[in-house]
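This report walks through one predicted model. Look at the chain below before reading on.

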Amino acid sequence: MSKFASIVCVAVALCALLTAAPAMAQEDGAAAAKPAYSLIDLTGAFGAGLVVIGAAAGIGKLASSAVESMARQPEVAANIQVAMIIAAALIEGFTFYAIFVCSQQA
């Protein structure tokens, strides 16, 4: 398993542990109406943060691969650059849409 995959697995497990509501014994009347709480509130801001992190990772990998390809074959650098710009625009378009959806979840 790669180092990145290990870090992602640990982060997901940590989020699952922090968002779990604690189990408590039932109390009488007024106290029973109180909703359970969690340490992390999964709001639209949290989703928008995840979207931005994913988009940054995707565009970073895209640019890294494109520059490496241009270094290996300089004669097709123009074609690679056009394909890279189109792919980055599609990633950014999806990112803006996802951020808009997350902002509606507030």
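## The buried side of α3

In α3, the buried residues are G44, G47, A48, V51, A55 and A66. Buried means under 20% relative accessible area, exposed means over 50%, and partly exposed lies in between, with a 1.4 Å probe and protein chains only. The cover over the buried residues of α3 includes α4.

Helix α3 spans residues 44–72. It has 29 residues and reaches 42 Å from its first C-alpha to its last, close to the 42 Å expected at 1.5 Å a residue. The expected span is 1.5 Å times one less than the number of residues in the helix.

## Model and conventions

The model is predicted: local features need pLDDT of at least 70, side-chain atom pairs count only at pLDDT 80 or more, and totals for chains, interfaces and linings use all residues. Residues are numbered from 1 along each chain as its sequence is written, and side-chain values use heavy atoms, with hydrogens and water left out.

The pLDDT is the predictor's confidence in each residue, from 0 to 100. Its mean over the protein is 79, and 67% of the residues reach 70 or more. Confidence is highest in α4, at 92, and lowest in helix α2 (residues 29–32), at a mean of 55. Where pLDDT is low, the predicted coordinates should not be read in detail.

## Overall make-up

The protein has four helices and zero strands. From the N terminus on, the elements run α-α-α-α. Helices (H or I, at least four residues) and strands (E, at least two) are DSSP runs, numbered from the N terminus.

Of the 106 residues in the protein, 11% are buried. The accessible surface comes to about 8,200 Å², and 70% of it belongs to carbon and sulfur atoms. Areas come from the Shrake-Rupley method with a 1.4 Å probe; for residues, only the protein chains shown count as cover.

Among contacts with a separation of 6 or more, 48% join residues 24 or more positions apart. Contact means heavy atoms within 4.5 Å.

Helix α4 covers residues 77–103. It has 27 residues and reaches 38 Å from its first C-alpha to its last, close to the 39 Å expected at 1.5 Å a residue. Its buried residues are I80, M84, A88, T95, A98 and C102. What covers them includes α3.

What does T95 touch, leaving aside its neighbours within four places in sequence? T95 is in contact with V51 and A55. T95 counts as buried because its relative accessibility is 9%.

I91 also lies in helix α4. Its relative accessible area is 26%, so I91 is partly exposed. Beyond its neighbours within four places in sequence, I91 is in contact with A55, G58, I59 and L62. I91 and I59 are 32 residues apart in sequence and 7.3 Å apart in space, C-alpha to C-alpha.

Two further pairs give C-alpha to C-alpha distances. Q81, in helix α4, is 18 residues from A63 in sequence and 9.2 Å from A63 in space. Q81 is partly exposed, at 41% relative accessible area. A45, in helix α3, is 58 residues from S103 in sequence and 6.9 Å from S103 in space. A45 is exposed, at 61%.

## Salt bridge

How many salt bridges does the structure hold? The structure holds one. A salt bridge is a side-chain nitrogen of Lys or Arg within 4 Å of a carboxyl oxygen of Asp or Glu. Side chains of opposite charge can pair when their charged atoms come close.

The pair is E68 and R72, with the closest N and O atoms 3.1 Å apart. E68 and R72 are four residues apart in helix α3, so about one helical turn separates them. E68 is partly exposed, at 43% relative accessibility. R72 is exposed, at 65%.

## Nonpolar surface patch

L42, F46, L50 and I53 form a nonpolar patch on the surface. Together they have about 400 Å² of accessible area. Patches are made of residues with over 30% relative accessible area and no salt bridge; like charges are joined within 9 Å, and nonpolar side chains (Val, Leu, Ile, Met, Phe, Trp, Tyr) within 5 Å.

I53 sits in helix α3. With a relative accessible area of 60%, I53 is exposed.
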